[in-house]
Structure formats: C-alpha cells, structure tokens
Amino acid sequence: MTLTPVQFRLNGEEKAEFVPSGTTLIAMLREKIGITSPKIGCYQGACGACTVLVDGEPQVACLTLAETCEGKSIETVEGLPKGTEFHALQRAFMENYAAQCGFCTSGMLMSAKALLDKNPNPTREDVIDAICGNICRCTGYEPIINAILAAAGNRGPGRSSSRSA
Amino acid sequence: MIRFKKDAFADERNDDLKEVGVTRQRSDAQGHVTGRTTFYDDHKVPGMLHLRPVRSPHHHARIRSIDTTEAERMPGVVRILRAGDVPRNIYTVLELIGIGPADEPALAFDKVRYKGEPIVAVIADTMETATIAASKVRIDYDPLPAVFDVEEAMAPGAPLINEYHGNNWYSYDGKDHQPVRMGDVERGFADADHVIEERYQMSPIEHAPTETQGSIAVPDTDGRITVYTNTQGLFFSLDVTALILQVPSNKLHFIGGTVGGGFGGKVDSLVEPLSILGAMLTGKPVRYLLTREEEMQAGPPRGAERIYIKDGVMNDGRIVARKMRIYVDAGAYSRLTPYGAVKAAAHCPGPYTIPNVLCEARCVYTNRTPGTAMRGFGVTASDFALEIQMDKLARLVGMDPMEFRILNAYRDGDMKAHGKRTSGAALIECVQAASEMANWPIGEKYKAMSSRQGGGWSPSDPPAPPPQQPSAGQPARPAVSSRYASIFGGRN
C-alpha cells in the first residue's frame with residue numbers, strides 16, 4: 001500500500017502523518033491522530049457533524065481527502081479553548097442550551113467559528129446561512145442560532161435588523 | 001420560552017420547589033462543547049475488526065442457497081457469521097416480559113421478510129475489506145409476493161408473511177385485535193344527530209438520528225465481553241443479547257448512555273448481538289455500526305398506522321359515540337408493535353369523555369421494515385387522527401374548536417373506556433392557556449370550566465342521575481361524573 005506523507009497544522013501545531021492514498025480527513029483525524037470531536041453521521045457530506053476548518057473554511061472532513069490538506073491549517077473543537085478559557089462560542093452554547101445530544105455540536109461550533117472569524121456582527125440570516133449544512137436532529141436550531149448571536153454579542157440588534165430586512 | 005401557568009391547580013401544588021422553574025446548566029454541556037463527550041465510536045480499541053452484514057435486496061423471498069466461499073477467500077476476512085452460529089437465532093425483544101412468540105431471526109436463513117434484512121455477517125480487518133467481502137457473498141433467492149398494506153395483509157388469501165404467527169396479525173387472546181369497549185356504540189350512533197366516519201393514514205417515520213446505531217464488543221481479560229453501545233435501553237439490550245447468545249447476563253458488560261440522538265429508534269438491540277458474537281468467535285474486538293443508508297433502509301421506523309374513526313355527535317356538541325378501528329403496521333416482525341397497538345387501544349377515545357366507545361386495535365404484519373418505538377408510539381398517530389376529527393366535528397356542529405374540546409374534555413373522576421377513572425386531568429386548562437396565548441377568544445362559560453371533579457358544575461344545572469348498576473352478564477357501563485353530566489345537561 002502506498003503511503004502519502006501529509007504535513008499540516010492542526011489547531012496551531014505542526015503535524016506530519018503518513019496515510020494510505022484516498023484516506024479521508026475524518027479517518028486521519030479520528031483513527032490516526034485521536035481527534036474525536038468531528039463525528040461521522042453519514043459519510044456522504046450531508047449531515048455536517050464532521051465539519052472542521054481547513055484554512056479557515058468549513059469543510060466536511062468525510063469528503064475531504066487527507067492528502068489535499070498538505071501545507072494547510074486544520075482547526076477542530078479541540079483547538080477552541082485558549083488554555084483553560086473557553087471560546088466565546090463554547091460559553092454561549094452552554095449558557096443558551098444549544099446542545100442536546102451533542103452529536104452535531106462540534107460541527108455547529110466550527111461552522112459558527114468560520115462565520116464569526118469573517119463576520120463578527122452577523123445577522124440572524126447570516127447565522128442560519130452559516131449552519132445550513134449542519135443537521136441537528138434533536139431540532140434544537142433556535143437555541144443554536146441564539147447562542148451564535150450571543151457569542152457575537154449581537155443577539156438583540158441582529159434579530160431585529162434581520163426581521164425588518 | 002417556558003411559561004408556568006401557576007394559577008391552575010395552585011391549591012393542589014406545593015410551589016416551594018427548589019429546582020422546578022429554575023434554570024440549571026446541563027451536566028453534559030461542557031463535554032458537548034469541548035468535543036470530549038465520549039460516544040460509543042469514540043472508544044479507540046487496538047486490533048479492532050469490522051463487521052458488515054449482507055442484507056436482502058428483496059421485500060419477501062425464500063432463500064435457496066448461500067455461498068460464502070469467495071468472500072472467505074479474501075485476504076483480511078476473519079470470520080463469516082451465519083444463522084447457525086447464533087445460539088438462539090429466533091427471538092423477539094418482548095420475550096423479556098413474557099410476550100411472544102419469538103418471531104424474528106438475528107440472521108435470516110430460510111426466508112427474508114423485509115428489504116434490508118440481515119442474512120450473513122462478514123468480519124474482516126478493515127471496514128473496506130468487510131464491505132467488499134460482503135458484496136462477494138452469493139445468495140440465491142426465490143422472490144415471493146410482498147404485502148405493504150395493512151388491510152391487504154388482513155384480507156383472506158393474502159400471502160403469509162410471518163409463519164411464527166400463522167396469520168398476518170398478532171393474536172390478542174385469540175382475537176385479531178385488542179378490543180376496548182364501553183357502553184353501546186351502536187345505540188349511541190342511533191341516538192346521535194350526526195354520524196360521520198373518516199379515514200386517516202400516517203406513513204412510517206424514520207428517526208434519522210445524526211449518529212447511526214452501532215456497538216463495539218471487546219473481549220475482556222476476565223471472560224466477559226465489554227460492549228460500548230449507543231442503545232437507548234442499556235439493560236434491555238443487555239438482556240435481549242444474553243437471550244440471543246444464551247450467555248448469563250453477567251458475562252456482558254454494557255457501557256453506554258451517551259446517545260447521539262435516539263428518539264426511540266435505538267431500542268431494538270440490532271447491533272449488539274452480532275458484534276458480541278463476532279468477538280466471542282474471533283477473540284478480537286468487533287465493531288458493527290449501521291451506515292447512513294442502512295439506518296434509513298433497515299433501521300426501524302415509527303410504524304405506519306391507518307385509523308378509521310366513526311363518531312356520533314349531538315347538535316349541542318356532545319360526542320355520544322366513538323368507534324375506532326386502528327391498524328398498526330408492525331412490518332415483518334413484532335419488535336414492540338404488539339405493545340404499541342395495546343397503547344393505541346388504551347388511548348381510545350382520546351382525552352375526552354364519551355359514554356359509548358368501541359375500539360379495535362390491530363397489530364398487522366407486512367413486508368415493510370419492522371417498526372419500533374418513537375416518541376409516544378401507538379398514541380401519536382391516534383392523536384393526529386383524533387384531533388383532526390375533533391376539528392371536523394366542531395365544524396359540523398358549528399362550534400368553536402377550542403370550546404368543542406373543552407366541552408368534551410375528560411374531567412377527574414370520569415370513567416375512561418378502558419375502565420379506569422380519570423385523575424390528574426389538565427386538558428381544559430391547557431386549551432384555556434393555548435386560547436389565551438394565541439389570542440383566540442373563548443366564551444366565559446368555557447373559561448370557567450375546569451378539569452376537576454365538579455369543575456364547570458353550576459347549581460342551576462339539574463343534578464346527575466345515580467350511576468347505572470351493572471346487570472348480571474353485562475359489562476359494567478361506567479358511571480359518568482356528576483360534573484360531566486351537568487355540563488351536558490344531565491342527559492347521562
């Protein structure tokens with residue numbers, strides 16, 4: 001079996017792995033490295049539970065080949081806290097009851113981070129658009145949307161401006 | 001937003017509560033937002049093997065032959081499981097509480113009865129090898145006519161689906177249905193101002209949890225098997241598995257409780273028996289999970305239901321007779337449906353007091369995917385049908401639908417069709433609160449009514465007659481509470 005070397009940054013740290021050609025990013029993260037926050041819900045890019053950031057863009061890790069991540073920066077939920085400090089999104093998800101079973105939460109958090117990194121003042125519509133690829137089958141979308149808006153410190157105005165829009 | 005309607009039943013309740021109504025952090029929230037909540041598939045086990053089942057492409061077929069030689073020859077294939085490897089292959093989950101007959105194979109051998117039914121399980125060193133090897137198993141089928149409709153399945157001459165029952169229905173004490181009877185429904189129809197009958201159909205509903213069903217079975221050093229699983233019923237699945245594998249339950253150590261969405265769909269113990277059997281026969285850890293496609297095709301849904309409701313209603317809004325015929329589609333095997341159909345029967349005629357009730361609830365076998373629990377199963381479909389029926393009846397007699405429900409709602413002390421008196425009723429208060437929140441005005445008379453015994457009673461109403469005494473050989477015609485009688489003008 002041909003092994004392909006991949007060098008990348010994972011949550012800010014340099015990493016190097018040898019993977020069989022065709023290995024998915026989710027398989028490399030979960031099975032080789034032991035990063036288990038991205039979940040496998042469908043393995044067909046439909047549920048978003050495996051969402052990670054690749055160079056700041058949200059990507060479904062189940063349809064991303066590990067070898068295409070050469071030289072790129074990968075972010076997962078494991079990299080969200082700064083030391084013992086939770087990320088604003090993590091705090092907001094806890095305070096706003098935005099996690100029920102928890103299986104979609106990692107993907108939601110990463111899609112939300114990609115949004116807030118680019119747009120610190122999103123409207124409600126922006127938030128809905130950002131998580132449209134993440135399925136929450138416990139149907140807890142409202143608290144998730146509110147948590148993301150709360151993390152942006154934009155809960156009130158974001159809501160009203162989007163309604164009048 | 002949660003609003004507490006504290007004025008209702010205030011005198012019956014101790015409001016000196018420490019936790020109810022107080023916002024508390026979820027105990028699992030930190031695990032969820034840090035990605036550290038450990039789901040079953042997050043357990044990393046060295047040397048793990050992977051199990052892939054071979055599933056039936058037919059809805060109903062006789063199995064003529066099974067040839068696994070090509071699959072066995074594939075490098076990486078460790079073991080192939082067939083029906084003969086399962087110590088007690090034929091089982092049913094409710095055997096645990098004494099409800100039989102056993103009617104389902106863990107691995108099919110003579111017949112398949114639904115599309116996606118597992119027949120053979122291939123265990124290999126990687127998921128890819130197991131998947132490819134499974135595709136090399138040759139099974140020769142003799143397709144049989146399939147039935148997908150509950151009433152067609154009940155009709156004379158329908159193909160027999162599940163031989164363990166001998167009929168296409170579950171037998172309740174020798175009958176093809178679970179009956180519930182109160183009063184005389186035919187006399188009620190004869191006395192009614194209007195009689196209408198409607199038909200309702202609810203499709204199967206897939207739970208579609210984001211995390212599919214799965215388990216990892218790991219042989220331990222003390223002769224036990226440790227099982228990481230996402231079953232919703234940890235000890236239920238443990239006991240079902242012990243039954244199928246004929247091992248004492250203390251040989252199985254189930255670790256779970258963390259479920260990535262269940263909604264009732266993860267109680268059938270479909271994955272644990274095969275992964276554990278694989279671990280026992282190979283001595284290695286075995287992982288068996290459903291792919292998304294399998295979860296949708298072979299994972300059990302909420303079963304379909306067809307419901308006929310015939311009602312007799314008076315011009316003043318009183319429902320005087322209700323007859324329900326309920327067909328619950330079990331799919332090919334019982335699982336929990338015999339119980340679900342009993343729930344449907346017990347729920348008849350809904351949260352309303354109706355003096356004459358007849359219900360026949362059937363658990364019917366078809367060639368659909370076996371149904372299972374899902375959020376109030378057995379009752380949910382009935383409520384869908386009943387509440388649409390209530391709107392139709394309100395329209396028929398020209399009443400406001402909220403007021404119509406309050407008028408007919410059960411009160412504490414009212415006799416229910418299954419023979420127990422109502423207690424703790426709160427439907428009227430819920431309808432009143434809903435009308436208030438929805439700015440849907442209801443009349444003062446209805447605002448004043450309550451679910452309590454005597455609630456809605458006014459001294460100007462004529463007193464209720466004494467309850468009828470049951471005569472010999474006749475089932476008791478339950479008494480109707482004085483409040484109910486007074487609201488309805490003392491007719492009863």
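**Reading a sheet, an interface and a domain pair**

Mentor: Start with strand β2 (residues 61-67) of chain B, in this predicted model. Six bridges join β2 to β8(B), and the two strands run antiparallel.

Trainee: Which residue stands opposite S65(B) in β8(B)?

Mentor: D140(B) does.

Trainee: In what order do the three strands of the open sheet in chain B lie?

Mentor: The order is β6-β2-β8, with antiparallel pairing. The edge strands, β6 (111-112) and β8 (138-143) of chain B, each pair on one side only.

Trainee: Now the chains. How many residues of chain A are in contact with chain B?

Mentor: Interface size is often given as the accessible area lost when the parts come together. Here, count residues in contact, with C-beta atoms within 7 Å. Chain A gives 27 residues and chain B gives 23.

Trainee: Which elements give two or more residues to the side of chain A that touches chain B?

Mentor: They are α2 (88-95) and α3 (105-118) of chain A. By class, that side of chain A has 15 nonpolar, nine polar and three charged residues.

Trainee: Where do the domains of chain B run?

Mentor: The domain assignment gives domain 1 as 46-144 + 208-297. Domain 2 is 178-204 + 302-487. Over C-alpha atoms, 41 Å separate the centres of domain 1 and domain 2 of chain B.

Trainee: How many residues does the contact take from each domain of chain B?

Mentor: It takes 16 residues from domain 1 of chain B and 17 residues from domain 2 of chain B. On the domain 1 side, the residues divide into six nonpolar, six polar and four charged.

Note on methods
Residues are numbered from 1 along each chain as its sequence is written. Chains are lettered from A and ligands numbered from 1 in the order in which they are written. This is a predicted model: local features need pLDDT of at least 70, side-chain atom pairs count only at pLDDT 80 or more; totals for chains, interfaces and linings use all residues. Two strands pair if DSSP finds at least two bridges between them. Helices (H or I, at least four residues) and strands (E, at least two) are DSSP runs, numbered from the N terminus. Two residues are in contact if their C-beta atoms, placed from the backbone, lie within 7 Å. Ala, Val, Leu, Ile, Met, Phe, Trp, Tyr, Cys and Pro count as nonpolar, Asp, Glu, Lys and Arg as charged, and the others, Gly among them, as polar. Domain bounds come from an automatic or database domain assignment.
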